[in-house]
Amino acid sequence: MLTIWMGWTPMVYISDYNLVKTAFTAKDNALMGRVRSGFALAQIGKHQDILQTDYGSVWASLRRVSHSAVRKVAVSEKLHELVADVVDSSAQTMKRTHPLGAPFDPKCYLYHSVMAILASTAFGKRYQLDDKELAFYGESLEFMQSRTSLLAAIDRIPLLRLIPKYGNYERKVFETARDVTNSCKQQYMAHRKTHSSGVVNDFCDALIEAKEKAIESDGRDGKDSRDGGDNAEAFNDDNLSLVIKNLFAAGTDTTQYTLQWIVLLMANNTEMQIQMRDEIESVIGDRVATSDDKNSCHFVNAFIAETMRYRGVAPIAVTHRAMTDTTIDKYCIEKNTLIISNLWAIHMDPNVWPNPDVFDPKRFVTRDGSFRAKMPGFAPFGIGRRVCLGEKLALADLFLITVRLLQSTNECVFALPAGDGSALE
Ligand code: HEM
């Protein structure tokens, strides 16, 4: 554990898995707050979402219904077809645009594929890769992400706002965030008008169903939000629209950067790539992969898991904030201290992972060749009560996209221009 001072705010880094677990599952939930930054304010205004809201009854209710909605869309047959359709179209464009053997950067294809899959998962429409609405979400998110450090600087030194360049950027981030929220709200309201009970085509429908079920049973089970029941006021249209925005904000970059690492590591380790191709050929063949296939493709799962350990895309997760004075181990933590779970250090701990600098998917394979999903110290989605809400969806997307990408390029091998492992040096 160590403390870094961010100006006058202490930021505590915890680099031990068990200590993070103890801290983030403590009964008093003292460390389950989020940072009240300018960026967070731009995203949610006076409403509440899951990602930026402190632990409490609103967060718990929104999280519960969203969890149920995520689970539903992650295992739906529609997702299998959607991923196959999007990846096929992306791979065809890739092959048409770049002659076999000529080096190219696949980043934009992977980014647009993930964006199209998440947008279709959220709203049910099938988006073409060059769709205007898709471009609007992509460009808005990219713009906001690229300005986070600038907003953090303004949080620390508010006088920076007086410099036109900083003030203008801040205004533009607020406007962009509001535009994305409004667009998500329009889509959500359109679904509310047309939704019929029991029909779930997408995340909006699943959220409406889960919310209605929660409100219906509220009170009947005699529970209130503190003991596992729901806070019906949490489910207003503004909060639920922000939950949909969470899906894009928290899901797009994380999933697409993980996918970029998967492709790079496949190119860097062609013998492993061929092992994956062989496994897919023998378990699935050419047909569209399903959630059940995920249980039989042990090496593909191991490769994805090792990618997330070796090059996790959320190395310091999402910052927590102490909501009250508390203690971690023998250390006193004051209210408003920022807490970082150092997932990078946890995944590189040589006491847990022998030779942590070596990319070795076999760590996740048992002696009899089965995938070991639960490895002590493996936490790419965070630890404790605020663990990633989209874990199931992210894992389903990563599996289905990787499999389809390999199926739709089965006449080629992803390789580095230099033909060696130089990309990671
Ligand atoms: C490879 C993909 C992903 C990775 C590695 C990832 C990782 C993480 C991590 C490390 C956290 C922070 C946990 C903490 O605060 O301690 C988080 C939170 C979160 N993630 Fe993900 N995530 C991924 C994809 C997604 C997707 C697809 C969604 C969409 C449903 C999503 C939604 C969320 C939300 C809503 C939170 C906030 C949870 C809360 O504050 O209670 N994530 N994620």
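Reader: Among contacts in the protein chain between residues at least 6 apart in sequence, what percentage join residues at least 24 apart?

Author: Two residues are in contact if their C-beta atoms, placed from the backbone, lie within 7 Å. In the protein chain, 72% of the contacts between residues at least 6 apart in sequence join residues at least 24 apart. The model is predicted: local features need pLDDT of at least 70, side-chain atom pairs count only at pLDDT 80 or more, and totals for chains, interfaces and linings use all residues. Residues are numbered from 1 along each chain as its sequence is written.

Reader: How many helices and strands are there in the protein chain?

Author: Both are DSSP runs numbered from the N terminus, helices being H or I of at least four residues and strands E of at least two. The protein chain has 15 helices and six strands.

Reader: Which residues of α11 are buried, and which are exposed?

Author: An α-helix has 3.6 residues a turn, so residues three or four places apart point the same way. A residue is buried if 20 or more other C-beta atoms lie within 10 Å of its own, exposed if 12 or fewer, and partly exposed in between. In α11, the buried residues are Q273, M276 and I280. Because they cover an arc of only 60° around the axis, they lie on the same side of α11; the arc is that of the directions from the helix axis to the C-beta atoms. E271, D278 and S282 are exposed on the other side of α11.

Reader: What do the buried residues of α11 pack against?

Author: They pack against α10, α13 (298-310) and α15.
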